[in-house]
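Visitor: Could you take me through this model and its ligand?

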Amino acid sequence: MAQTRVALVTGANRGIGLAIVRQLARLGVIAVMGSRSKASGLKAAAPLQAEGLITPVVALDVTDEASVRAAVAEVLGEFGRIDVLVNNAAILLDMPGAPASNVRAVPPALVRETYETNVIGALMMIQAVLPIMREQAYGRIVNLSSAAAQLHSMEAGYPAYRMSKTALNALTVTAAAELGAGPILINSMCPGWVNTKMGGPAAPRTVEQGADTAVWLATLPPDGPTGGFFHDKQPVDW
Ligand SMILES: NC(=O)c1ccc[n+]([C@@H]2O[C@H](COP(=O)([O-])OP(=O)(O)OC[C@H]3O[C@@H](n4cnc5c(N)ncnc54)[C@H](OP(=O)(O)O)[C@@H]3O)[C@@H](O)[C@H]2O)c1
């Protein structure tokens with residue numbers, strides 16, 4: 001009988017994270033919703049659970065090491081495994097067009113805060129699940145990055161967010177090199193410009209479109225890629 005996979009998605013109470021959970025759960029995955037506010041997570045989970053989908057909620061603030069450990073322990077205790085980690089939670093504080101959204105003026109404290117969520121948070125999540133994935137000899141890790149991280153086409157503006165997502169990509173490549181060929185695959189992806197609180201109402205893509213490649217990477221076969229950067233299921237330049 002095929003193993004029922006267990007996924008943990010960070011920042012799953014809204015936006016692309018919620019769509020990733022919905023798509024994974026529709027594939028039969030137990031899709032655990034990490035939510036900074038448990039109440040917000042439970043509210044977002046209700047319609048999915050009404051559909052019959054298995055989408056439990058855990059309280060999870062990725063900037064808080066104790067919260068990360070507790071959430072991972074809770075999922076492991078409840079379901080006995082964690083097959084998939086989707087590092088989706090992120091913040092964009094130096095909004096494009098804002099007066100301080102440039103290297104000259106961005107407050108260092110804002111850059112630090114951005115890194116705490118977008119980089120250190122993802123790192124702590126990976127550190128928490130890797131021993132479990134090694135033990136079960138299976139793992140898929142997906143890091144939600146951005147075209148704003150691509151060095152080959154880097155432009156002006158929102159330096160904190162750009163730097164954080166480029167650092168997240170470095171985390172993907174470093175971890176993949178350390179893991180080598182084996183049962184744990186880790187990749188970055190860009191969802192495109194998506195209509196969410198972060199993307200804004202002018203964004204052309206739906207959350208379902210934004211989630212699609214993350215779900216593909218979360219369910220890769222054993223010979224799937226690792227250490228790559230993808231958009232619409234195609235490799236893209238760093
Ligand atoms: N939307 C786009 O156009 C776009 C483009 C490129 C890349 N991305 C990437 O795609 C991912 C999802 O973006 P989105 O548009 O869905 O963003 P969003 O609508 O702003 O949602 C962000 C999610 O992250 C959560 N979050 C923030 N800080 C957290 C923390 N410390 N701990 C746990 N959760 C936290 C938020 O929770 P709260 O509700 O508690 O705040 C929320 O659930 C992000 O990594 C983003 O950088 C988005």
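Predicted model: local features only at pLDDT ≥ 70, side-chain atom pairs only at ≥ 80, totals over all residues.

Visitor: How many residues surround the ligand?

Guide: The ligand is surrounded by 28 residues, each with a heavy atom within 4 Å of it. The closest are Asn13, Arg36, Tyr161, Val194 and Thr196.

Visitor: And how does that shell divide into nonpolar, polar and charged?

Guide: The shell holds 12 nonpolar, 11 polar and five charged residues; Gly counts as polar here.

Visitor: Which polar backbone atom lies 2.7 Å from an oxygen atom of the ligand?

Guide: That atom belongs to valine 194. Asparagine 88 has a polar backbone atom 2.8 Å from a ligand oxygen, and a backbone N or O atom of valine 62 is 3.0 Å from a ligand nitrogen. A polar contact is a pair of N or O atoms within 3.5 Å.

Visitor: Changing topic, how many helices and strands are in the chain?

Guide: The chain has six helices and eight strands, taken as DSSP runs of at least four residues (H or I) and at least two (E) respectively. From the N terminus, the order is β-α-β-α-β-α-β-α-β-α-β-α-β-β.

Visitor: What does the C-alpha trace span?

Guide: Along its principal axes, the C-alpha trace spans about 55 × 40 × 35 Å.

Methods. Residues numbered from 1 in each chain as written. Heavy atoms only, no water. Polar contact = N/O pair within 3.5 Å; in protein donor to acceptor, adjacent residues only side chain to side chain.
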